[in-house]
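Subject: Handing over the structure, with notes

Dear colleague,

I am passing the structure below on to you, and my notes on it follow. Please read them with the sequence and the 3D view open beside you.

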Amino acid sequence: MFTIAEVSKHNTVDSCWVILYGKVYDVRNLGNFGNEFKFANFYEVTVILDTHPGGTQAILRWGGRDATEEFDVIHPAETLKEIEESYMGTVELQDHPIIDSTPEETSQAPLSTLLNLDEIESAATKVISKKAWGYYFSAADDKISKHLNTQAYRSILFRPRVFVDCRTCELETNLLGHKVGLPIFVSPTAMARLGHPSGERGIAEGCRSFGSLQIIANNSSLSPEEIVANAPPTQIFGWQLYVQLNRQLSESMLARVNRLDCIKFIVLTLDAPVSGKREDDERINIQANTAASVSTQLFAGTDPSLTWADTLEWLSQHTTKPIVLKGIQTHEDAILAARYAPLVKGIVLSNHGGRSIDTAPPAVHTLLELRKYCPDVFDKVEVWVDGGIRRGTDAVKALCLGAKAVGIGRPALWGLAVGGAQGIEKTLQILSDEMKTCMRLLGAKTLGDLGPQHVNTAVLQQQIYGGSSQLADETRGFIKGKL
């Protein structure tokens, strides 16, 4: 057993100890372990000094100190099992009370008083840490794409029809052949435990009562097994994949996911081969004297060399689950994705929440681009969208334009931060109620009744790409079987 004074002396590159949950780990005595191991969420284990993605300083900052609070919100519990060989002993309890890893929930506003997603975000901002806010709120450069994601929907006007019996309104649909209660899914959002101790498991619980689909983030703060542990057989999940430079790491994760029946498909994210410049995230970490931002550390080891033919062939060799490609931002890439059907079952039009390249088009712009240049793609693969959804009316507009499903990212994190699983339920309830009200006022009883005749996109059309498209001409022949 060590004293705090003894541990505090080991805070250099040559001798670096850290305290986690009252136990002492020597980060310099891991042998070859640090070069071989990287946990499933692909965020390198923080106690591996030489290989930490944030650099040596990110670990040395905690040398000789208690890193439990920093470690706890980022790493699944099973991570500690993988570093047992570095265990040195315990810290005297009278010197060092163990930190409770499940802090008490706090909220300054009862959920019942929050009427829309903006109010939920405002309430969440008051209760989460600066680090969590910096990571969740941040977007690339000047946040132009982030703001456009929402503003674009405001430019679309409805065309309501009257004298329609709207006593009933149904939101059920089928996604990739699976029945879901809502056409709204939770997009992959990393590090959910930064905002609430229940993390991704809380998101899963909140989705359950609505039959809503959840895509589990590659960089989740809980393991996939923990997240789906209590899920009934009818609950549907997807798994997001960032392909790693060390392909064995990705293959190992795919093998684990393949064994989980409730994970029905793999979402290969393509729009972030590297992290965008997210200044809010960077600024918070500079102020905290942290060596690297959360974003920078999460993307360390991600493979930026993916290609259509090679990567999809590799992926098909390691999973039989359907493949969805996330991050399509042009009609050309939508066409290319459709050419790989039925291997590729769906695409998600997304600019990564405005977090990758600033001034990238909002998903609804890309949706209109597909309608203009390659409408046949909608018959070849399922088209989903995410980014900027803040009202049920936004979701309905996307569905009118041909989207099969609509994803929410930050709104799910804000809801989780405010009330855990109940905050997720509140978020989905608000969107569900707003969608039903909107559809009734449009004269639509089911999602199948919605169509482009219900929206006026004239204002938005002037911002849609207007150049030539050889691929669009080619795909018409391809999809009809002529090429």
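Predicted model: local features only at pLDDT ≥ 70, side-chain atom pairs only at ≥ 80, totals over all residues.

I begin with a sheet of four strands, which is open and runs in the order E3-E1-E2-E4 with mixed pairing, where two strands count as paired if DSSP finds at least two bridges between them. Its edge strands, each of which pairs on one side only, are E3 (65-66) and E4 (87-90). Strand E1, residues 17-20, pairs with E3 in the parallel sense over two bridges, and Val18 stands opposite Arg65 in E3.

Residues are numbered from 1 along each chain as its sequence is written, and side-chain values use heavy atoms, with hydrogens and water left out.

A nonpolar core here is a set of buried Ala, Val, Leu, Ile, Met, Phe, Trp, Tyr and Cys residues joined through side-chain atoms within 4.5 Å; buried means under 20% relative accessible area, exposed means over 50%, and partly exposed lies in between (1.4 Å probe, protein chains only). If neighbours within four places in sequence are left aside, Leu349 is in contact (heavy atoms within 4.5 Å) with Ile328, Ala363, Thr366, Leu367, Leu370, Val383, Trp384, Val385 and Asp386.

Helix H8, residues 199-208, is mostly covered, since seven of its 10 residues are buried, namely Gly199, Glu200, Gly202, Ile203, Ala204, Gly206 and Cys207. These buried residues pack against strand E8 (184-186), strand E9 (213-216), helix H9 (224-228), strand E10 (237-241) and H18.

The last topic is charge pairing. Counting a salt bridge wherever a side-chain nitrogen of Lys or Arg is within 4 Å of a carboxyl oxygen of Asp or Glu, the total comes to 11 salt bridges. One of them joins the side chains of Asp165 and Arg167 at 2.7 Å, N to O; Asp165 is partly exposed at 34% relative accessible area, whereas Arg167 is exposed at 69%.

Glu225 and Arg256 form a salt bridge whose closest N and O atoms are 2.6 Å apart. This pair links distant parts of the chain, with Glu225 in helix H9 and Arg256 in helix H10 (residues 247-258), 31 residues apart. Glu225 is partly exposed at 31%, while Arg256 is buried at 15%.

In the salt bridge between Arg391 and Glu434, the closest N and O atoms are 2.7 Å apart. Here Arg391 sits in the loop between strand E14 (382-386) and helix H17 (392-400), and Glu434 belongs to helix H18, 43 residues away. Arg391 is partly exposed at 33%, and Glu434 is buried at 16%. Finally, salt bridges that share partners join Lys143, Asp280 and Arg283 into one network.

With best wishes
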